[in-house]
Amino acid sequence: ARLAMEERRMELEAQYRSRNDAPRLIAILRERMSDEPSERANIAGELSLLLDVAGDPKAAFYASRDAFLADPNTDRRMDLERRAESLDAFHLVAKAYETVLQADPGDLDTLAALARVHDGRLDAPRDALAVWERYVHTAPEDAVALAEVERLATLLSEWIALVSVLDKLALLAFGAEDRAALYRRVGEIRRDMLEDNSGAIASYESALDADPESAWTLDNLIGLLESVDDEASRARLADLYPRRVELADEGDHEVRADLLARLGLLREKAGDLGLAIEALEEAKRTYPSSPLASERLVHLYRKTENADALHTLLEERWEAAESGSVARRDAQLAFAKELLESGKDRKRARELYEGLLSPRPDDTAVNALLSMAGEGGDDRVAILETLEPALRNADLHELLASALSLRIGAGPRDVDVNAEIAAFTELAALNEGFLHNLGAAAGYWLDAMDRGYDARLRVTSLI
């Protein structure tokens, strides 16, 4: 009986086909729907065509979906997506693809199709990225999939995913420069986006292995190692600084000097003062204006008590500095201080300080000269004779009062009474008119009277 019914169904199907009777043919095909995948796919595929002709695009879409689920090949997938277009049914397409992938997670064609649906049809780039990552897990060397992960991870700022895919791309890169560029990019992301300095260092080390002549890689690696500042990083920097110096252009003196100075600092920190001085002196020869090299050499020459080298360096710094600049003033003060404190040349130290009294007296120079005058040396009067007019012209009343106070004791009273009287009267006038110390002013007027000056009216007015 069952066989007879099947024969009868086939006869009717043939009749309906010959008469193009779509409604009855649709009904009989639905009755014939099989559980066997290949047969079911064929029946569902034919149904989708008939339903399309019958003007039922929604039913045609579902029939196409059934055909794809039964036999997920490329043609059926293309048919399904075509029918989804007019119905805006790509969310159902995505579900169908996921159903297929549950049975076969490694179906690369379906994974790629699902990712493109999420990205291009459903505006879900994050879901697309997740699917492409599943694809790459199955096919880690697929260049197209890796490129898609890179694009979407960059778009979404998914830095961990981007680092992972760039590492894979670096391993697949054909040329050393391309590989180094990818590792540098990974290093940059780890440093700037993930704040993973140790990971960034590893990436830049890989970039350096790929392209040992890259100054850009060395600069970034050196910067990272300097920020870590531990024993291992310092040991590595001791190797990298000279390598970077070798890669610097011959004419790039400032860069070379900076690297050598940093090498000197590193050696100084390690306690290798001789090697530190050697590196810093080379930096100074390479670029005489290097402030870092000069500064550290001054410190190390003092620490190692190398007075001659220190004297020469300070004099060179002073002579090299631009006239009238702050650097020139600072270098002149430093040179003068060294000459004075070392006892090497007091006269020249005084001349250097006096050279800073115009156009307006420098405070440090003035205080140094006052200190020298206060020591009571043979040059005391000469210092004051130079210092006082400069302070007077600049209206530096307190400092002028200090200088005049020193002049009072500059020699025996009977040497120059008139000079003493002039000093006392000026001190009195300064304290009365500018420093507002009337008691001190009265005292100085009395001192002037003691030396024969008639100041009774001034004293009376103050008392």
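How many salt bridges does the structure hold? The structure holds 33. A salt bridge is a side-chain nitrogen of Lys or Arg within 4 Å of a carboxyl oxygen of Asp or Glu.

This is a predicted model: local features need pLDDT of at least 70, side-chain atom pairs count only at pLDDT 80 or more, and totals for chains, interfaces and linings use all residues. Residues are numbered from 1 along each chain as its sequence is written, and side-chain values use heavy atoms, leaving out hydrogens and water.

**View 1. Arg 121 and Glu 85 form a salt bridge.** Their N-to-O distance is 3.0 Å. The pair links distant parts of the chain, 36 residues apart. Arg 121 sits in helix H7 (residues 108–121), Glu 85 in helix H5 (residues 74–87). Helices (H or I, at least four residues) are DSSP runs, numbered from the N terminus. Arg 121 is partly exposed, at 43% relative accessible area. Glu 85 is partly exposed too, at 45%. Partly exposed lies between buried (under 20% relative accessible area) and exposed (over 50%), with a 1.4 Å probe and protein chains only.

**View 2. Asp 192 pairs with Arg 191 in a salt bridge.** The closest N and O atoms are 2.8 Å apart. Asp 192 is partly exposed, at 41%. Arg 191 is partly exposed, at 23%.

**View 3. Lys 337 meets Glu 341 in a salt bridge.** The N-to-O distance is 4.0 Å. Both residues lie in helix H19 (residues 326–341), four residues apart, so about one helical turn separates them. Lys 337 is partly exposed, at 42%. Glu 341 is exposed, at 56%.

**View 4. Salt bridges link Asp 52, Asp 79, Arg 82 and Arg 83 in a network.**

Technical notes:
Helix = DSSP H or I, 4+ residues; strand = E, 2+ residues; numbered from the N terminus.
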